[in-house]
Number of protein chains: 2
Amino acid sequence: MLSTMTTTARDRLLDAAVAAFAEHGFGGTTTRDIAARAQMSPAAVYVHHATKEELLFAISQRGHQEALDVLARSYAKVDAPVERVAGMVRDFSEWHARNSRIGRVVQYEFGALSSDHRAVIADLRRQMEQHMRDALVAGVDEGVLEVTDVRGTARAVLSLSVDLVRWFEPGGAHTAAELGRLHADLAVRMLRPSAG
Amino acid sequence: MLSTMTTTARDRLLDAAVAAFAEHGFGGTTTRDIAARAQMSPAAVYVHHATKEELLFAISQRGHQEALDVLARSYAKVDAPVERVAGMVRDFSEWHARNSRIGRVVQYEFGALSSDHRAVIADLRRQMEQHMRDALVAGVDEGVLEVTDVRGTARAVLSLSVDLVRWFEPGGAHTAAELGRLHADLAVRMLRPSAG
DNA sequence: CGGGTTACTAAGCGCTTGCTTAGCATGCCA
DNA sequence: TGGCATGCTAAGCAAGCGCTTAGTAACCCG
C-alpha cells in the first residue's frame, strides 16, 4: 500500500505540474499552484522533486520517451516504406493530439531546462528525427518515395504532427484519430514521386 | 528629433522584450531584465507601456499583423491557384525563419495575454487561416488542387511554416530562403491531384 | 516493543517581483 | 521668459517567490 500511495502522490504532482505549465508556462507557474492542484502543501512538492526544474525534466523526459516509443514501434511494425511512413505519421499525430498538453510543455519549455537536462532531451529529439530520416531513405532506395532534402523533409513531416499541440483541443473540429489519418494522407502525398 | 528619440526608445524596449521573452518566456522574464537589455532603468519600461502584458500584446499584435500582411500580399500577387499557394507558403515560411524569435514569442505566449488582447490576436489568426482556405478552395474549384478537408489541410499547410520557429536558428543547415522553397515544394505536392 | 524510514504540514526566511513615487533635466510653446 | 509636457532615474513598497526547517503521524522491520 505504501509504494502505491507513493506512486500516486508522485503522479498527482506530475499531472498537476503538466496542467500548470501548459496553462501558465514554466516561469509563470508557482510551486504553490502545483501543490494546490495536487491537493498538497507547498512543501510536499520537495519531498518528491528537488526543484521545480526537476519536475519539468521528469515531465519532459517521460513525454519525449513516450513519443519516441510511438515512432519506433510504428517504424518496426511495417516494412513497406510508403505504408510505414503513413503509419508513423498517423500514430505520431494521434499521440500528440491525445497528449496535447504534455506536448505543449515538452516542446515549448525546452529552454527552461538546465543545460545538462537539455542535453538528455536533445538526444531523444535527435533519435526521433533519425527514425524519420531512416524511413524516408528506405523509401528513396526502393524508388517508392522521392525526397531531395532528407533532413529538411523529415523535419517538415514531423512538424505536421508536433505543431498540432499549439492549437488542438479535445472536442474541436477533428478527433485525434481523424487528424492522424489526415496527416498520414498528406505526408504520403508529399513524399510520393511526381507522376511522369 | 524628439519623436525620433521616442520611437527609438520604444523600439529598443520592444526589441529587448522580444529577446527576453524568446529566451525565458513571458512568465520567466523580469521587467528589470527587459530594461537592462534596452539599457534603461527598470522604471523606464513604464513610461512607454503600462504593464508587462501590454508589452507582450504590442509585440504579438505587430508580429501577427506582419505575418498576415505577408500572406495577404502573396495571395494577391498571383492568380493561378497552384503558383499562388506555392508563393504563400514560400513567403510565409521565409518570414517565420527570418523572424523566428518574434514567431516564438507570438506563438507560444498567446496564453499569457489578457482575454481582451487574446480576442484581438485570435481574430488575426482567423484571418490567416481564412486566406489559406480561400487559396485552397480556389484551386479545388479550378480542378488543379485536390483537398477533401479544407480546414484541416489549411492548418497543416500553415503548420509547415509556423513550426519552424520551434527549431530554426540562423546559420543552421538551411537558409530562410531554402526553407521557403522546400516548404513551397512540399505543400504543392501535398495538394496536387493524385495521378490518374 | 523500539529505532528508523517515509510522507507529509505549518511556518517562515531571504530574496525578487511588478509596479509606483518623487524628483530632475530637457525642450517646446505662449 | 516662464509654465508645462516629456522622458527619464533612484529609491522603494507590498506582495509573492523558491525553497527550508522543524516537527508529526503512520508504517516497517528486528
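1. A caveat on annotation comes before anything else. UniProt positions are given here in the numbering of this model, feature names are shortened, and annotations may be inferred rather than shown by experiment. With that in mind, the unreviewed UniProt entry places a "DNA-binding region" on residues 30-49 of chain A. In the model, that span is 55% helix and 0% strand. Its end C-alpha atoms sit 14 Å apart.

2. The model is predicted.

3. Fold of chain A. The chain has nine helices and zero strands. Along the sequence the pattern is α-α-α-α-α-α-α-α-α. The C-alpha trace spans about 65 × 35 × 35 Å along its principal axes.

4. Domains of chain A. The assignment gives domain 1 as 1-50 and domain 2 as 53-191. The C-alpha centres of domain 1 and domain 2 of chain A are 27 Å apart. Each of the two gives eleven residues to their contact. On the domain 1 side, eight of these residues are nonpolar, three are polar and no residue is charged.

5. Helix 5 against helix 8, chain A. The axes of helix 5 (residues 81-98) and helix 8 (residues 150-162) of chain A come within 8 Å. They cross at roughly 35 degrees. From helix 5 of chain A come Val89(A), Phe92(A), Ser93(A) and His96(A). From helix 8 of chain A come Val157(A), Leu160(A), Ser161(A) and Val162(A). This contact of chain A has five nonpolar, three polar and no charged residues.

6. Helix 5 against helix 9, chain B. Helix 5 (residues 81-98) and helix 9 of chain B pack at an angle of about 145 degrees. Their axes are 7 Å apart. The crossing of these helices of chain B is right-handed. On the helix 5 side of chain B, the contact residues include Val82(B), Val85(B), Ala86(B), Val89(B) and Arg90(B). Helix 9 of chain B contributes, among others, Leu179(B), Gly180(B), His183(B), Ala184(B) and Leu191(B). By class, the contact of helix 5 with helix 9 of chain B holds twelve nonpolar, three polar and five charged residues.

7. The chain interface. How many residues does the contact take from chain B and from chain A? It takes 29 residues from chain B and 29 residues from chain A. On chain B, four helices each supply at least two residues of the side that touches chain A: helix 1 (2-24), helix 6 (100-108), helix 8 (150-162) and helix 9 (176-191). Helix 8 of chain B gives the most to that side, with seven residues. The chain B side is made of twelve nonpolar, eleven polar and six charged residues.

Technical notes: Residues numbered from 1 in each chain as written. Chains lettered and ligands numbered in written order. Predicted model: local features only at pLDDT ≥ 70, side-chain atom pairs only at ≥ 80, totals over all residues. Contact = placed C-beta atoms within 7 Å. Nonpolar A, V, L, I, M, F, W, Y, C, P; charged D, E, K, R; others polar. Axes fitted to C-alpha atoms, helices over the stretch in contact; angles between N-to-C directions. Left-handed = near helix turned anticlockwise from the far one by under 90°. Domains from an automatic or database assignment.
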